[in-house]
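Here is a brief report on one model.

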Amino acid sequence: MTNITHRILPILMGAILWGGCEKEIDFDLKSSAGKPVVYAFMQPDSAVTISVTKSVSTLTPSNFAPIDNATIHFYKNGTLHRVLSYNGAQQWNNYPTLRFAGGDTVAITLFENEKEIAVAGTYIPHPVQIEKIDTFSETRIGDDGFWAAHINLGLTIDEPAETNDYYQLQIIQTTKTQTSSGTTVQTDTLTLPQTDNQIFNTNQTSVSLTDIDFEGLFTDANINGKQHRIRLSFNATQFRKPTTAHSRQLDIRLYRLSEAYYNYYKAQIIATALNGLSIFDPVEIPTNVSNGYGLVTGYATSSIIFDIQ
Amino acid sequence: MTNLLKIIFLFFFLALAGHQAASQQLLDRIVEVSKTSGSAEQLLLHLEEQSEVVLSYSNQVCLPNRIIFNKQKGSIKFFLDQIFETCQVEYIERNNKIVIIPVKSGNREFHINGYIIDHDTGEPLIGANLFDFHANKGTSTNNFGYFSLPLNGGQITLGSSYIGYNTSLTQLNVKRDTLITIRLKPMPALQEISVLGKPIMSDIQRSGSGIIDIPVAQIKNIPSFMGEPDIIKAMQLFPGIQSGNEGFSGLYVRGGSSDQNLILLDDVPVYNMEHLLGLFTIFNPDVVNKVSLIKGGFPAQYGGRLSSVVDIRTYDGNQQQLNGSVGIGILSSKFSLNGPLWKGRTTFSISGRRTYYDLIQKAIPNDRLTSGSYFFYDLNAKLTHTLTRKDRLYVSIYNGSDDVSSKYNFKDITQSIINTDYDLTTSQLNDEVVTGWGNTVVSGRWNHIVNEKIFTNLTTSFSDYRFYNQQQQSNYQNNDWSTINLEYFSGIRDFTAKVDIDYYSSQGNTLKAGVGFTRHQFYPGINVVKTELSSNEKRDTTYGGQIIMGNELHAYLQDDITLTPTLKVNTGIHMSMFQTGKRTYHSIEPRLNARLLLTPTVSLKASYSAMTQYIHLLSSAMVSLPTDLWMPVTEQIEPMKAWQTSMSAEWQIRPEFNLTAEVYYKETNNLIDYKDNQNYFDTSSDWISKLTSGFGRSYGLELLLHRKMGDWSGWVGYTLSKSVNRFDDINQGNPFRANNDRRHDAALFLSYLLSPNADISMTWAIGSGKPVTLADEKYFAPSLPTASPNTSGYAEHYSERNSYTMPIYHRMDIGANFRKKIKLGERTISVGIMNVYGRQNAFFLFYADNINKNTGEVTRSLKQFSLFPIPLPYVRYTLKF
């Protein structure tokens, strides 16, 4: 979770657990299970994948309950577009022919036994392209205090001015290695260095306290409408080519997210980090599904892939 | 800003300077006389010539034949006082003339001022009472043991009392303003408080309500965790005060949060009072002279926090002889030493406390290459110097810290000495991580008695709280060993200067006024990276949060007025101003306390207070963590404001035995909390945007039966209360219970003196469980398409914040002290058991999966974690010498 808090919490736990104990208790929990849970992720011109389940009581061992006899009405730009039945036996339903374009506004209404039980809506964003990539290497003292060779990446984007935008930057390294049994492919998502103060808020309060990896999430709060060069400085050891590898590629992806997607993602990361630490209040995951939970969202991807030596 | 300053100056100069200083110009004029002996007429004539001031007197003034001045230079008043030492005269200034008129001693008013101190040690007795039975007038000493009481001249009888001391009667033939020192003798154990013919000034006669004075002797008798007496945990046993979690030292007063308490150590705010994450507090009772807690009816002199003031005053040191104590306990050992440095002028007091598991651990040989240790310590020191009868200087220092360290990476390394190829040296590496937190508090104070009516105190202080994490790491790289030091620190640092003035008017009013300025420096989290190569190359890098500044100015004026023999009012106004960034906030906070004596032993009290708070603590967990950050208001986040009103009835059953019933109502605006879905750990967005402000309401009934002295002493308290908050961005805008809203709360503390050498005591606390937020629903939560894999699982949903209540809390602790005179002094063996009957109180609740080993069936249940589920014994040995 966090470097420092991880050092504090053992003291607390060490101090209190030596004599502490746990026991089961009877408690009257409110029973509000059975709400619809809808997930739908829509990229421009891509097939739509949907999951519809139902919530359960926290005391239930399983994580969800299936839904029966559900249909979904899709609205595109305010007009009913398609009505599809949902197969509750499958956790995910894929609709290859159902596609939306960038700029579309999509709403879905979920029916169970012909009764409307949930509504959600989203906007399918256009991707924001990475206009330019520049790199250079240097040897300097890194954030860990050690001298090391660093590879600096500059990614230039033209941030749209008219909207509040939410992004995720992701760099995936793919290494192909020839073995006797064939070619093995290994992909690693690189941890992004928080070297761009403007987008990663690295000068703000308590930023040094925690080391939760927010997986490249950022907003345009400081760069709205500007051309911005995202500066990333990697320790070169992250790119060290295994001696057996014969090729490597870097896949740089810039996701343009909806606000709902961004907030859900961030809360989910924090909830995962605090999972099991009962001295913290539970983290509520936001939803854009009215009368239910989940996330119905559009997002768009721009990507640049290049070989590295 | 300019207008506010004008108002401040207006208050001071109108209220004080205008009242007193202007009328004293002629009498205060300094003259030098050449003639130092003679008759009154001769000396008056000489004084007139030297001062060029006309001295007019009638033939009714007594004129002694033989007077000797004891010095040649002084004020006109000084020489006139010497001339008319045996007469009752009054001086009146008119133009450039001083008129001397005779007065009948019984009709003229004088101020009896001075100190009430411990007969044996000379320690000032704070809050001691003084009463003139004939005039039916009384007062109490201030925080330095000083008093001033206007009385008609002639024969008077002053009664002085203080809890734990024999009441004394002082006979005086008052002919002039008189500076006296009253020495009270400590009361032997088992002796009942003597009851004088008329009741002496006591709590019921004080105008303020919601004030708890806890005798330190009682605090030391309360059974305590690991045998460590704890002031704050003693306070938690009083009505209106919640502890937060069992065993922890949080203070939650009348629905407020822990950062709404102003903790003062010798007049200086302390920002973190916790050792071992709150299992102990930093205040060593061995050095504490006086502890007061104000939870309502705040006098105007206090400000800056919404819920309470904890005012802790330390000992000055024994004026007569060197004495001290040493104590050895399961957790820590401590010592204290105090005494005179320069008899009659300078005293010192020093004490220290330290845990020693780490020392024991180090002393035990082991071959482990890694090790961890923990300790905390406190160090208190105080120097008091009497410059003159009217001037005293105080310097107080507190330093304390918790320190957690772990060593690792132990290895021998061999390397060549720089610039040589063959000289090899072997050194040992043992990298370590040190995490700690602590306070440093320093204050310098100067008391000055300007005259019999005016007492001033100038304070300059420094308070620093810091959390730090240091990591030393060695690395072999490029044929060279390098050492990296990573440091992180956060905290708050205050520099304060303030002046407080007590004005004792002839009418019996006690007027207090003051002004102060604090420069706050907030350190929200700063990283420093230091790199040192064996080739002596060094580099420092600092990054992270920037230092945030805040300037706070306050001024106050309050008057304690006896309107009629039964009606007393303490009223005033506290004004403050806080400048942050480009914005300046200010507030004007009226305060009113009134007391009506229904009978000599029954009083009714009412109070109203408005409070403003400009700084707040960003907390992360249900327990206070040292990483929590103090932050100021900003241009977006406005100050928290509260107002509170209360009414109480007090019955003084015996002088040391009170019954109090109090009702209160409090509203708070601009309460600060994290929005739903926002979190302390979310560093991906601006901290200000994560916060929201809301409204809080708290009300309740508090009952307290308190016996401060006697063979049986202690208290029983009960609280019935409700605290609700509402924020637009939390809980869908619906009201929810405050974090420490517990409907019923009761506590009993009993101490019984078995003999002068032994006492036993017990505490029993019972109350409703605290509110808790529990997820009551869960649902499928897949890995997001752009997320790292393997995060698929479930998410939890809670229907409402703090909508559940933990099981009822109750616990009993018992303890005993056995004292014996030995050659070196007096030894005390303290023994006790915490949680006598092994009650398992819930510390937190959590869900857990249970797998039936036979069937493989998985069930899920709610469990509670208990912190101290079994009886915990303690023992402590203390030697006083």
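Which residue's side chain does the side chain of B:N509 join in a polar contact? The partner is B:D559, at 3.2 Å. The model is predicted, and the values here are computed from it.

**Around B:N509**

B:N509 sits in the loop between β31 (480–504) and β32 (510–533) of chain B. Its relative accessible area is 17%, so B:N509 counts as buried, the cut-off being under 20%. Leaving out residues up to four places away in sequence, B:N509 touches B:Y503, B:Y504, B:D559, B:D560, B:I561 and B:T562.

**A sheet across two chains**

An open sheet of 3 strands runs in the order β1(A)-β54(B)-β53(B), with antiparallel pairing. Neighbouring strands are turned by 35 degrees against each other on average, direction ignored. β1(A) and β54 (residues 858–866) of chain B pair over 4 bridges. In β54(B), B:K863 is the bridge partner of A:E24.

**Chain B in totals**

| Property of chain B | Value |
|---|---|
| Secondary structure | 6 helices and 55 strands |
| Buried residues | 59% of the 881 residues |
| Accessible surface | about 35300 Å² |
| Share of that surface on carbon and sulfur atoms | 55% |

Contacts in chain B can also be sorted by sequence separation. Among those between residues at least 6 apart, 65% join residues at least 24 apart.

Definitions and conventions:
Residues are numbered from 1 along each chain as its sequence is written. Chains are lettered from A and ligands numbered from 1 in the order in which they are written. This is a predicted model: local features need pLDDT of at least 70, side-chain atom pairs count only at pLDDT 80 or more; totals for chains, interfaces and linings use all residues. Side-chain values use heavy atoms; hydrogens and water are left out. Two strands pair if DSSP finds at least two bridges between them. Axes are lines fitted to C-alpha atoms, for helices over the stretch in contact, and angles run from 0 to 180 degrees between N-to-C directions. Buried means under 20% relative accessible area, exposed over 50%, partly exposed in between (1.4 Å probe, protein chains only). A polar contact is a pair of N or O atoms within 3.5 Å; within protein, one must be able to donate a hydrogen and the other to accept it, and residues adjacent in sequence count only if both atoms are side-chain atoms. Contact means heavy atoms within 4.5 Å. Accessible areas come from the Shrake-Rupley method with a 1.4 Å probe; for residues, only the protein chains shown count as cover.
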